[in-house]
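Biologist: Please take me closely through the charged side-chain pairing in this chain, and then through the packing around it. I would like one connected account, with the cut-offs stated as you go.

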Amino acid sequence: MIDHIDRNILRYLKEDGRMTATALAAKVGLTVAPCHRRLRDLEASGVIRGYKADIDPAAVGLGFEAIVFVTLRQVDRSTMEIFENRVADTPNIVEAQRLFGSPDYLLKVIAEDLPAYQRFYDAELTSLPGVERLTSTLVMKNLKANAGPPV
């Protein structure tokens, strides 16, 4: 079980994943050794899935975003597995969720601009296995991204 100290550790790491164990221990009111032990336990149990840089897509030339709703022709295990593997291997698809009901999937796609997205759509999205229908919605503005769960 996660107690209030673990939640505080998670809250501080969510704000700054590069925080040192010493600084984290001071924030949560522990000495370094028990704080580090709790941190290792949170990592080992899978509560903390990893650490990574939060990169601004626009700063690396990928400022165009689209949300794509995907409906498959048939929803069987083989089709879904092949579709999901292709989606996972496609770098411009940065998020993907399988949905209950219709449509079957929601994809977040990034590209340089509208013409680059059109090329990606024509070459990649339309060739995904089992696709019956694609519906794109263009992102005007991100209000909240990668917030993570409340802790």
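Modeller: D3, D6 and R38 are linked in a network of salt bridges, a salt bridge being a side-chain nitrogen of Lys or Arg within 4 Å of a carboxyl oxygen of Asp or Glu. Please keep in mind that this is a predicted model, in which local features need pLDDT of at least 70 and side-chain atom pairs count only at pLDDT 80 or more, whereas totals for chains, interfaces and linings use all residues. Residues are numbered from 1 along each chain as its sequence is written, and side-chain values use heavy atoms, with hydrogens and water left out.

Buried means under 20% relative accessible area, exposed over 50%, and partly exposed in between, with a 1.4 Å probe and protein chains only.

D6 and R38 also take part in the packing of their helices, where the contact is made by I5, D6, I9, L10 and L13 of α1 and C35, R38, L39 and L42 of α3; contact means heavy atoms within 4.5 Å. By class, this contact holds seven nonpolar, no polar and two charged residues, where Ala, Val, Leu, Ile, Met, Phe, Trp, Tyr, Cys and Pro count as nonpolar, Asp, Glu, Lys and Arg as charged, and the others, Gly among them, as polar. In general, two packed helices are described by the angle between their axes and the distance between the axes. For α1 and α3 the angle is about 80° and the axes are 11 Å apart, the axes being lines fitted to C-alpha atoms, for helices over the stretch in contact, with angles running from 0 to 180 degrees between N-to-C directions. The two helices are therefore roughly perpendicular to each other, a term for angles of 65 to 115 degrees, while under 35 counts as roughly parallel, over 145 as roughly antiparallel and the rest as oblique.

Helix α3 (residues 32–44) also packs against α2 (residues 21–28), their axes coming within 9 Å and crossing at roughly 100°, which makes α2 roughly perpendicular to α3. Here A21, T22, L24, A25 and V28 in α2 meet V32, C35, H36 and L39 in α3, and this contact has seven nonpolar, two polar and no charged residues. V32 is partly exposed at 39% relative accessibility, and, leaving aside neighbours within four places in sequence, V32 is in contact with A21, T22 and A25.

Elsewhere in the chain, by the same rule that gives a count of five salt bridges, E95 pairs with K108, their closest N and O atoms being 3.8 Å apart. E95 lies in strand β2 (residues 93–98) and K108 in strand β3, so the pair ties together parts that are 13 residues apart in sequence. E95 is partly exposed at 32%, whereas K108 is buried at 14%. The side chains of E132 and R133 also meet in a salt bridge, with 3.9 Å from N to O; E132 is partly exposed at 46%, as is R133 at 42%.

Turning to nonpolar packing, the largest nonpolar core has 20 residues, of which V68, V70, F83, L107, Y117 and L125 touch the most other members. Such a core is a set of buried Ala, Val, Leu, Ile, Met, Phe, Trp, Tyr and Cys residues joined through side-chain atoms within 4.5 Å. At least two residues each come from β1 (64–72), α4 (77–88), β3 (105–111), α5 (114–123) and β4 (131–138), and β1 gives the most, with five. Apart from this core lies another, of twelve residues, among them L13, C35, L42 and I48.

How values were computed. Helix = DSSP H or I, 4+ residues; strand = E, 2+ residues; numbered from the N terminus.
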